[in-house]
Amino acid sequence: MEINVNEFQARVPVTILHFQGELDASNYLDVIARVKEIFTTGTRHLLIDMSELSFMSSSGLVALHSAALTMEGKPLPDPEHGWNTFHSIGKDLENGSVENCKILNPQPAVSRSLQVTGFDKFLEIFTDLDEALASF
Amino acid sequence: MSERSWLRFDADLKDLTAIRQFVEDASKDGAGDSNSIQDMLIAVNEAITNVIIHGYLGQPGMIEVEVSYDNHDLVVRLLDQAPIFDPTTVPSPKIPPALDQPYLGGMGIHMMRQLTDNMIYTTTCDGRNELILIKKVVQHQRNEP
């Protein structure tokens, strides 16, 4: 999967990570690493463009959760710790949606993964770029 | 029972894309609707990922994947030689999960349950894990070439 980075100036600076390809257990750690990298260089508002992401597994959800925590400045659970990670995600799902990490245009297959795990309640999802940028 | 498509893969995360492509192509040869096929793809991917990571623990191994239709059901059969493990015995997680939930496949098994209509596990007479995933499909007219 390719990850492209673009910066937009909305009300605040917003970084858009554009995923192209498929996100699964073979590459989800790349996403976590990339988000940590851009946070280190100053990104505080992240929009993940999934318009060209054709598949996402549970590992991708772990990466999204890590991205959200990173943007909130929170420590990350160990992504290798399966159920403990899921528990952490579950607690965050209870707390409602995240402010600094959002999703743009997930394809139907990806939406399905988000929906059956409750991630559609955890991360705000947009279908319009301008609306997404304005929401930060 | 329709024709079966069968392939053997290395238990390697790098092969996940190829496995998904095989299952998708074989499923589309039948009369299943795209939503059901997509759900099955996600479930199969989760099952195989769990075998690779938690079954074989990242060590070399083989996974056999068979795709077929049985009347209105899309059926995917997975066989592996990892240590015996029955994923159907994992209790359904609470969303959000409780503090004392044991460490097992995590969200993957939850997604498998949500996205299939049935999961059947057995051990074969030669000691392999066999997991059968079943998804009821909406039949549609196949386009003839």
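Helices here are DSSP runs of H or I with at least four residues, strands are runs of E with at least two, and both are numbered from the N terminus. On that basis, chain B reads β-α-α-β-β-α-β-β along the sequence. That is three helices and five strands.

Ground rules. This is a predicted model, where local features need pLDDT of at least 70, side-chain atom pairs count only at pLDDT 80 or more, and totals for chains, interfaces and linings use all residues. Residues are numbered from 1 along each chain as its sequence is written, while chains are lettered from A and ligands numbered from 1 in the order in which they are written.

Confidence next. The model scores ipTM 0.86 and pTM 0.87. Mean pLDDT, the predictor's confidence in each residue from 0 to 100, is 86 for chain B, with 83% of its residues at 70 or more. Be careful with residues 96-105 of chain B, where pLDDT stays under 50.

Now the pair. How do α2 and α3 of chain B cross? Their axes, lines fitted to C-alpha atoms over the stretch in contact, with angles from 0 to 180 degrees between N-to-C directions, come within 9 Å and cross at roughly 150°. That makes α2(B) roughly antiparallel to α3(B), the term for angles over 145 degrees.

Who touches whom? Contact means C-beta atoms, placed from the backbone, within 7 Å. From α2(B), the residues include B:Ile42, B:Ala43 and B:Glu46; from α3(B), they are B:Gly108, B:Met111, B:Met112 and B:Leu115.

Conventions: Parallel < 35°, antiparallel > 145°, perpendicular 65-115°, else oblique. Contact = placed C-beta atoms within 7 Å.
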